[in-house]
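Work through the exercises below with the model open in your viewer. Each task is followed by a stepwise solution.

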Amino acid sequence: MSYDEKKQDGTVSSSDVVKDDRYYANEALVDPEEKESLHRDLSARQISMIALGGAIGTGLIIGSGTALVRGGPLGIFLGYSFVGFVCYLVMVALGEMSAYLPHKKGFPGYATRFVDPAFGFALGWNYVLKYLIVTPNNVNAAGVVIQYWTQKVHIAIWMVIFIAFIFCINLLGVRVFGELEFWFSSIKVISLIGLLLMGIIIDLGGNPKHDRLGFRYWDHPYGPMGKYLQSQVHNDHLAIFLGFWSTLTNALFAYIGTELIGVTVGEAQAPRKNIPIAIRRTFFRILIFYVGGVFVISLIVPSTDQTLFVANKSKPGAAASPFVVATTLVGIKVLNHIINAAILLFVLSAANSDLYIGTRTLYGLAIQGQAPKIFARVNRMGVPYASLILCTCFCFLVFLNVSSSSAKVFGWFVNLVSTFGAITWMCICYTHIRFMKALKAQGLSRDALPYKAPFQPWGSWFALVATAIITLFKGFDTFIPFTQDTFVTSYIGLPAFLLFYVGYKVYYRTTLIPSDKVDLVTGKREIDEEEERFNQEQEARGPRSRWQRIWEDL
């Protein structure tokens, strides 16, 4: 049987792949053997909860204070709603590709396969850079939270403790990581639901002052819109627009990380069944936790409050979260410390999952030959230890806060992470557009896919253009007046991505893969067989009790 005949009936194996260096190397499309690679030990409940809780971190819990001050209550609500819709479009696009081909290389692997190896290389290293920065950012945020209680212990000591904690958890293997992160994320979700309920109760008058707030903080002088850089631009309408635009940047940072499910597919059990489930829940997660969260914050905290944590400005000891400020304003004692402790868990959990994603992304690049082979080494528990050590070393960037304030360092990290993350979103959208074109060119219907993304193809185009506009203008405040450090951290990700892309393309002379030449089948049969074996093992276990089904469906 010829290669083309095998490709039509989906029986292509790794040995049948036509080697064509113009497009991609043979080994770039095939996952390594299980004993030499990541282990598929993440269960359905773990993946769903990691996807649910993994992205709830500093952007929503801490960064929302900055957005509230600059954009006002209506501004933050509109900003998070718009970017939330964009995030949903990105996630369904990623979900369609991940459910079809749940390989172990993450979405840089999809870019390599469906677009161009140079594109996959640039996306992969961009995503590695993002996680080399976002992990110390969350460790830094944990230091901000700790300083609310005490500043007697030097912040560097806390940094070392936090870094050692997340390193040890990641070193224990994905089974231990998955179980711990499941419980961390469960506590995060329960805590956030509690915070939302608390905010609603406070707003309706269930507080020690018996003061019904209603929409008081949406009226003058607190809102409904904030005025950002008014003293510089001397124009109320322009200041209001700039305030709203700044909420888009903060919202972008808050939502970035939801795409981590595209990396977990390589260690997921029955990924074709579980990935679509996790993706479908994304809409409700965005609506309830993010949009609902900032709406509640806008009701219970005035945007003019001086105790809010604002990136670049706040002094040590500022309340890290608007929820802490809210309890203090209405005179609820002790609860602010309990909330602060929950927020500490939030950011440490986020740092833990960020370190996990960073190591897996670097590992994925290594097995594609786009990073040194040493980073593809795994121990007997399936942990890519060399990648883990490198990513952990970058955590020590957090010691920048010893010479500069934690708030200033937080602002730098937010700028860097939001740029790297926005580039990632744009690349996912473009990769999905190319994936859909390849399906059409090769006569395959999207209706036959394990998961079909809604609003396509226009959804991916809309998300691509919207993210690009936000990214290009997100550093507007660095020019009013011009601030060198914030300008560099806001935009350095763009030339870095181009350097990776052009450098790889020139050196290896790669070309954009024609839609009819895109390989949609290599490695698919092996994944199908692996999933079939898993399903047979599940059936062999016999019928499950009602409590077992509930536990696995959580």
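Two residues are in contact when heavy atoms of theirs lie within 4.5 Å. The model is predicted.

**Exercise 1. A histidine in helix H14**

Task: Find which residues His337 contacts, leaving aside neighbours within four places in sequence.

Solution. 
- Step 1. Locate the residue. His337 sits in helix H14.
- Step 2. His337 is partly exposed, because its relative accessibility is 39%.
- Step 3. List the contacts. With neighbours within four places set aside, His337 touches Tyr148 and Trp149.
- Step 4. Look at the side chains.
- Step 5. Compare sequence and space. His337 and Trp149 are 188 residues apart in sequence, and their C-alpha atoms are 8.1 Å apart.

**Exercise 2. Thr359 and helix H15**

Task: Determine whether Thr359 is buried or exposed, then find what covers the buried residues of H15.

Solution. 
- Step 1. Thr359 belongs to helix H14.
- Step 2. Its relative accessibility is 0%, so Thr359 counts as buried. The cut-off for buried is under 20%.
- Step 3. Beyond four places in sequence, Thr359 contacts Pro384, Ser387, Leu388 and Cys391.
- Step 4. Turn to helix H15, residues 385-394. Ser387, Leu388 and Cys391 are among its buried residues, and Ala386 and Thr392 are buried there too.
- Step 5. Cover for the buried residues of H15 includes helix H6 (117-146), helix H7 (155-171) and helix H14 (335-367).
- Step 6. The side chains of Thr359 and Arg360 are joined by a polar contact of 3.1 Å.

**Exercise 3. Aromatic pairs**

Task: Count the aromatic pairs in the whole structure. Then work out which parts two of them tie together.

Solution. 
- Step 1. A search of the whole structure gives 30 aromatic pairs.
- Step 2. Take Phe114 and Phe435. Their pair is tilted, with 4.9 Å between centres and 40 degrees between planes.
- Step 3. Phe114 is in helix H5 (residues 106-114) and Phe435 in helix H17 (residues 406-441), so this pair ties together parts 321 residues apart in sequence.
- Step 4. Both Phe114 and Phe435 are buried.
- Step 5. Take Trp218 and Phe295. Their pair is edge-to-face, at 6.1 Å centre to centre and 70 degrees between the planes.
- Step 6. Trp218 lies in the loop between helix H8 (174-203) and helix H9 (230-233), and Phe295 in helix H12 (residues 271-300), so the pair links parts 77 residues apart in sequence.
- Step 7. Trp218 is buried at 15% relative accessibility. Phe295 is partly exposed at 26%.
- Step 8. Check for a cluster. Ring pairs link Phe121, Trp125, Phe500, Tyr504, Tyr507 and Tyr508.

**Exercise 4. Cysteines**

Solution. 
- Step 1. A disulfide is a covalent bond between the sulfur atoms of two cysteines. The cut-off for the sulfur pair is 2.5 Å.
- Step 2. Cys429 is buried, with a relative accessible area of 0%. Cys168 is partly exposed, at 45%.
- Step 3. The whole structure has zero disulfides.

**Exercise 5. The core and the whole chain**

Task: Identify which residues have the most contacts inside the largest nonpolar core. Then describe the chain.

Solution. 
- Step 1. The largest nonpolar core holds 154 residues, and Tyr80, Tyr255, Ile300 and Trp425 have the most contacts inside it.
- Step 2. H17 gives the most to this core, with 20 residues.
- Step 3. Inspect Trp425. Beyond four places in sequence, its contacts include Val83, Val86, Leu252, Tyr255 and Glu259.
- Step 4. Count the secondary structure. The chain has 22 helices and zero strands.
- Step 5. Of its 554 residues, 61% count as buried.
- Step 6. Among contacts between residues at least 6 apart in sequence, 81% join residues at least 24 apart.
- Step 7. Finish with the surface. The accessible surface is about 22,100 Å², and 64% of it belongs to carbon and sulfur atoms.

Notes:
Residues numbered from 1 in each chain as written. Predicted model: local features only at pLDDT ≥ 70, side-chain atom pairs only at ≥ 80, totals over all residues. Heavy atoms only, no water. Phe/Tyr/Trp six-rings, centres within 6.5 Å; stacked < 30°, edge-to-face > 60°. Helix = DSSP H or I, 4+ residues; strand = E, 2+ residues; numbered from the N terminus. Buried < 20%, exposed > 50% of the residue type's maximum accessible area, 1.4 Å probe, protein only. Core = buried A, V, L, I, M, F, W, Y, C linked by side-chain atoms within 4.5 Å. Areas by Shrake-Rupley, 256 points an atom, 1.4 Å probe, with all protein chains shown as cover. Polar contact = N/O pair within 3.5 Å; in protein donor to acceptor, adjacent residues only side chain to side chain.
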